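I opened this notebook to keep track of what I looked up in one structure. The entries follow the order in which I went through them.

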Amino acid sequence: MTAKPIPTFEIDESSDLPLWVRLRDRLVYLINTGYYKPGDQLPTVRKFAAELYISYNTVSKAYVALERDGYIVTTQGRGAFVSEPDDISDAPDVDAMVEDFVSNCLEKGMAYDDIPKQISKAIRKLKREHEKKQGK
């Protein structure tokens with residue numbers, strides 16, 4: 001399977017957002033609008049960086065964020081692929097729990113951008129605890 005060509009991506013130098021965030025947002029848009037469909041292979045990080053004349057690390061950071069957010073799945077040696085829509089996100093009770101959690105965080109004075117960081121931190125902690133219990 002070969003990756004679709006990289007669509008035109010204008011880099012807005014006046015934006016305050018980090019480039020990796022703008023790249024991630026652009027890829028989310030392309031996935032959500034169907035340019036990239038579930039199962040489609042994304043260009044390699046190196047190819048993306050070379051074609052856009054940006055840092056490998058910038059593209060890599062965007063891909064890591066896309067994977068963390070469930071938009072793509074990466075497989076060592078095979079590449080990055082658009083993931084299938086996750087059925088759990090359609091569960092109203094889970095959506096309500098997440099919205100309550102976000103609201104509670106905001107009430108405690110957290111910024112929107114800090115909430116995913118806190119969630120990632122908690123997930124890493126829980127994974128470590130689980131691995132200790134499993135004897136890994």
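This is a predicted model: local features need pLDDT of at least 70, side-chain atom pairs count only at pLDDT 80 or more; totals for chains, interfaces and linings use all residues.

**Entry: largest pocket**

I looked up the largest pocket and found a volume of about 1,300 Å³. Its lining is made of 34 residues, and those nearest the centre are Arg68, Asp69, Gly70, Pro116 and Ile119. I then checked which elements give two or more residues to this lining, and they are α1, α4 and α5 (114-134). Sorted by class, the lining of the largest pocket holds 19 nonpolar, five polar and 10 charged residues.

**Entry: second largest pocket**

For the second largest pocket I read off about 280 Å³ of space. I counted 16 lining residues for the second largest pocket, with Val45, Tyr63, Thr74, Gly79 and Ala80 nearest its centre. Two or more residues each come from α3, β1 (72-75) and β2. Helix α3 gives the largest share of this lining, four residues. The classes here are seven nonpolar, eight polar and one charged.

**Entry: cavity**

I searched the whole structure for cavities of 30 Å³ or more, and the search finds one. The volume of the largest cavity is about 30 Å³. Which residues line the largest cavity? I listed Pro7, Phe9, Leu23, Arg26, Leu27, Leu30 and Phe48. Helix α1 supplies the largest share of that lining, four residues. By class I noted six nonpolar, no polar and one charged residue in the lining of the largest cavity.

**Entry: helix α2**

Phe48, on the cavity list, came up again when I turned to helix α2 (residues 45-52), where the buried residues are Val45, Phe48, Ala49 and Leu52. I looked up what the buried residues of α2 pack against, and it is α1 (19-32) and α3 (56-68).

**Entry: Tyr53**

I went on to Tyr53, which comes just after α2 and sits in the loop between α2 and α3. Phi of Tyr53 is near 55°, a positive value in a residue other than glycine. Is Tyr53 buried or exposed? With a relative accessible area of 77%, Tyr53 is exposed; the cut-off I used for exposed is over 50%.

**Entry: Ser83**

I placed Ser83 in the loop between β2 (79-82) and α4 (92-107). Ser83 counts as buried, because its relative accessibility is 16% and the cut-off for buried is under 20%. Leaving out residues up to four places away in sequence, I found that Ser83 touches Pro38, Gly70, Tyr71, Ile72 and Val73. One of these contacts, Gly70, is also among the residues nearest the centre of the largest pocket.

**Entry: annotated stretch**

Last, I checked the UniProt record, an unreviewed entry, which places the feature "domain: HTH gntR-type" at residues 17-85. Over residues 17-85 I noted 51% helix and 12% strand. The end C-alpha atoms of that stretch are 27 Å apart.

Conventions: Residues are numbered from 1 along each chain as its sequence is written. Side-chain values use heavy atoms; hydrogens and water are left out. Buried means under 20% relative accessible area, exposed over 50%, partly exposed in between (1.4 Å probe, protein chains only). Contact means heavy atoms within 4.5 Å. UniProt positions are given in the numbering used here, feature names are shortened, and annotations may be inferred rather than shown by experiment. On a 1 Å grid over the protein atoms alone, a cavity is a set of points where a 1.4 Å probe fits but cannot get out, and a pocket is an open set with protein on both sides within 12 Å along at least five of seven lines; lining residues have an atom within 4 Å of a point. Grid points are joined across faces, edges and corners, and a volume is the space filled by probe spheres set on the points. Ala, Val, Leu, Ile, Met, Phe, Trp, Tyr, Cys and Pro count as nonpolar, Asp, Glu, Lys and Arg as charged, and the others, Gly among them, as polar.
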